[in-house]
Amino acid sequence: MTITDAHVSTVKLPAVGAARPATLEARDISAWFGDHKVLDRVSLTMPAQKVSALIGPSGCGKSTFLRILNRMHELVGSASLAGQVLLDGDDIYDRGRRITHARREIGMVFQKPNPFPAMSIYDNVLAGLKMNGIKASRADKDDLVEECLTKGGLWKEVRDRLRQPGGALSGGQQQRLCIARSLAVRPRVLLMDEPCSALDPTSTRRIEQTIGELKDEVTIVIVTHNMQQAQRVSDQCAFFLAEQGTPGVIVEHGPTEVMFTNPQDSRTNDYVNGRF
Ligand code: ADP
Ligand code: MG
């Protein structure tokens, strides 16, 4: 797979309040790094207006799966994949569909908060617009910054210091800034890879609250090692496992309540009860 997406055309920002959460469907995804197969025919539907949690031990391919969902996997030189990813039915890997388009519609928040440290809070929120060639007036930008910081749960804390650098914020605030930044291009899906693992409990609860408030406007997929968090935030769960050097698979998926109270597979039962 080659990356031929240097050209970015000017696009208009969808209107405020134009929530368009989409259903993301992974079909028969297999993934390799060189000859090393790390996922084997993983299929999962992540419905609009729901939070899907991906759980499972380290190394079973959760982050790889997440990166395949927004075409970041192919940035690794040795990486290859098979299968389809459908965004409301459209394959994001179709020839002719741009990588930047997939990235804009499907945002990502990482474990380690990664705002641009020297850039102002204001410009951090808008960073994705520039990268996507999205033009907006000054007034629209001001509105967008307020809207996204409000949705990220950070507005009240930073409204009087929008010109300060993003790096001056605490870790939890930086992560909320990253959420605000990812929302600014109005994604339809937000992927979150252990977004609270580096944060204290108070910041974690704030982000969990934000996730609950966002799910009506953006489909959320979250990787978490925290089983209480999976239960608090998600509607459905998928349990990934890679046994004894075999590639990762989904052992079981279903409504979160069922996964935690009545799992069908003994390995799921062991994992959700901390016996792994
Ligand atoms: P998880 O997020 O569940 O901990 P990962 O998706 O990070 O799992 O990793 C799955 C497998 O892929 C692991 O065996 C890991 O070593 C391998 N892997 C991940 N990233 C790379 C990479 N960039 N190059 C080579 N192997 C990788
Ligand atoms: Mg990971």
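**Ligand 1**

I began with the shell around ligand 1 and sorted its residues into four nonpolar, five polar and one charged. For the classes I took Ala, Val, Leu, Ile, Met, Phe, Trp, Tyr, Cys and Pro as nonpolar, Asp, Glu, Lys and Arg as charged, and the others, Gly among them, as polar. The model is a predicted one, where local features need pLDDT of at least 70 and side-chain atom pairs count only at pLDDT 80 or more, while totals for chains, interfaces and linings use all residues. I number residues from 1 along each chain as its sequence is written, with chains lettered from A and ligands numbered from 1 in the order in which they are written.

The residues surrounding ligand 1 are Phe33, Val38, Ser58, Gly59, Cys60, Gly61, Lys62, Ser63, Thr64 and Val76. Near here means a C-beta atom, placed from the backbone, within 6 Å of the molecule. Helix 1 (residues 62–69) gives the largest share of this shell, three residues. Helices (H or I, at least four residues) and strands (E, at least two) are DSSP runs, numbered from the N terminus.

**Domain record**

I looked up the annotation next. An unreviewed UniProt entry lists residues 24–272 as "domain: ABC transporter". Its positions follow the numbering used here, feature names are shortened, and annotations may be inferred rather than shown by experiment. In the model the span is 37% helix and 26% strand, and its end C-alpha atoms lie 25 Å apart.

**Helices 3 and 4**

I checked how helix 3 (residues 121–131) meets helix 4 (residues 138–151). Their axes come within 10 Å and cross at roughly 95°. That makes helix 3 roughly perpendicular to helix 4, a label for angles of 65 to 115 degrees; under 35 is roughly parallel, over 145 roughly antiparallel, and the rest oblique. Axes are lines fitted to C-alpha atoms over the stretch in contact, with angles from 0 to 180 degrees between N-to-C directions.

Helix 3 brings Tyr122, Val125 and Leu126 to the contact, and helix 4 brings Lys141, Val145, Cys148 and Leu149. I count a contact when two C-beta atoms, placed from the backbone, lie within 7 Å. By class, there are six nonpolar residues, no polar ones and one charged.

In helix 3 I found Ile121, Asp123, Asn124, Val125, Leu126, Gly128 and Leu129 buried. Buried means 20 or more other C-beta atoms within 10 Å, exposed 12 or fewer, partly exposed in between. These buried residues pack against helix 4, helix 5 (155–158) and helix 6 (171–183). Glycine 133 follows helix 3, with a positive phi near 65°.

Most residues other than glycine have a negative phi. Aspartate 28 has a phi of about 50° and lies in strand 1 (residues 24–33). With 11 other C-beta atoms within 10 Å, aspartate 28 is exposed. Glutamine 49 has a phi of about 60° and sits in the loop between strand 2 (36–46) and strand 3 (51–55). I get 15 C-beta neighbours inside 10 Å, so glutamine 49 is partly exposed.

**Two single residues**

Histidine 253 is in strand 10 (residues 249–255). I call histidine 253 buried because it has 23 C-beta neighbours inside 10 Å. Beyond four places in sequence, histidine 253 contacts Leu44, Gln236, Cys237, Ala238 and Phe239.

Isoleucine 99 lies in helix 2 (residues 99–105). Its 18 other C-beta atoms within 10 Å make isoleucine 99 partly exposed. From isoleucine 99 to glutamate 74 I read 9.9 Å, C-alpha to C-alpha, across 25 residues of sequence.
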